[in-house]
Amino acid sequence: MDKETYLETVAATRDERMRWWREARFGLFVHWGLYAQLGRHEWAMNRERIPVAEYETLAETWKPVERPAREWARLAAQAGMKYAVMTTKHHEGFCLWDTEQTDYNAVRHGPGRDLVREYVEACREFGLKIGFYYSLMDWHHPDGARCATDEDARRRFLDFTQGCVRELCTQYGKIDIMWYDVSWPLPTPEAWESYKMNAMVRDLQPHILINNRSKLDEDFGTPEEHVTAAGEGRDWEACMTFNGSWGYMPISPDWRSTREVLGLLRTAAAGQGNLLLNIGPAPDGSVPPEAVERLAGVGRWVD
């Protein structure tokens, strides 16, 4: 499918695919990975210049409890959220599912099981639409940076990326949202082969929604840490932290109050947008009590 045909097809089906999303208005974002064990922000590997070999040791020590995603899904449903988006792979490169693209995953290391599958099953149990976050940027993959200057490395990295995305779209049944993030270091959608990759996603998941972070506008914009409309006639979703960090950070001095969260939700809904509110579970998978308390209050208001 050429670029023009792809764009026409996406536009022609958008209103029908977006119908549930435009009615939902409220979703749960979940950032969970090896960085939870450090508790110092999900960018700790980069900010603290932790060498890859040293960071890799976190994969063996991560031992979450069984099926913590049931708590997340239950809290989301009680808070009035209609969908969830979870980090299947963040910038650190550790995959939370049973992937054949790399041994650096939750099945072959510490957890010893498919955490994405547990999340999918929990969402279905509590009636939530299912979204997968996938970071295009990868600090662990040897070609993650080199792909910008070495054509052979770019090919290897794109094969890896497309292989991961294909697995996510084929191993878990119907998926509702593909939420890409950080298209560094390649500068264009052509360099990322975004048209080809997203056409594959839509072929495998015809009803899926795709965000705008693969260097293509796709279905909706994603203002981050501000609730601002994406433009006239443009669907948008504001993704917001609860306490200034996407990942688990227990030392955070401030959390958004229930009243502030409700203000964000009202502003988003009034602007015909959605609010995607994040929690960063602890290493064991439990939700910080501050988030539990506030989500309970939000749920009472939504009811």
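Colleague: Which residue is the bridge partner of G131 in β4?
Modeller: I177 is the bridge partner of G131. Keep in mind that this is a predicted model.

Colleague: How many bridges join β3 and β4, and in which sense do they pair?
Modeller: There are 5 bridges, and the pairing is parallel. Strand β3 covers residues 129-135, and strand β4 covers 177-181.

Colleague: What holds paired strands together, in general?
Modeller: Strands of a sheet pair through backbone hydrogen bonds.

Colleague: What is the strand order in the open sheet?
Modeller: The order is β5-β4-β3-β2-β1-β7-β6, with parallel pairing. That is 7 strands.

Colleague: Which ones are the edge strands?
Modeller: β5 (209-210) and β6 (237-240). Each pairs on one side only.

Colleague: Now β1. Is it buried or exposed?
Modeller: Strand β1, residues 26-30, is mostly covered, with 5 of its 5 residues buried. F26, L28 and V30 point one way, while G27 and F29 point the other way.

Colleague: Switching to helices. At what angle do α7 and α9 pack?
Modeller: About 15°, with their axes 10 Å apart. That angle makes α7 roughly parallel to α9, because angles under 35 degrees count that way.

Colleague: Is the crossing left-handed or right-handed?
Modeller: The crossing of α7 and α9 is right-handed.

Colleague: Which residues meet there?
Modeller: From α7, they include T161, V165 and C169; from α9, they include M197 and M200. By class, the contact has 6 nonpolar, 3 polar and 2 charged residues.

How values were computed:
Residues are numbered from 1 along each chain as its sequence is written. This is a predicted model: local features need pLDDT of at least 70, side-chain atom pairs count only at pLDDT 80 or more; totals for chains, interfaces and linings use all residues. Side-chain values use heavy atoms; hydrogens and water are left out. Axes are lines fitted to C-alpha atoms, for helices over the stretch in contact, and angles run from 0 to 180 degrees between N-to-C directions. Helices (H or I, at least four residues) and strands (E, at least two) are DSSP runs, numbered from the N terminus. Angles under 35 degrees count as roughly parallel, over 145 as roughly antiparallel, 65 to 115 as roughly perpendicular and the rest as oblique. A crossing is left-handed if the near helix is turned anticlockwise from the far one by less than a right angle, and right-handed if clockwise. Contact means heavy atoms within 4.5 Å. Ala, Val, Leu, Ile, Met, Phe, Trp, Tyr, Cys and Pro count as nonpolar, Asp, Glu, Lys and Arg as charged, and the others, Gly among them, as polar. Two strands pair if DSSP finds at least two bridges between them. Buried means under 20% relative accessible area, exposed over 50%, partly exposed in between (1.4 Å probe, protein chains only).
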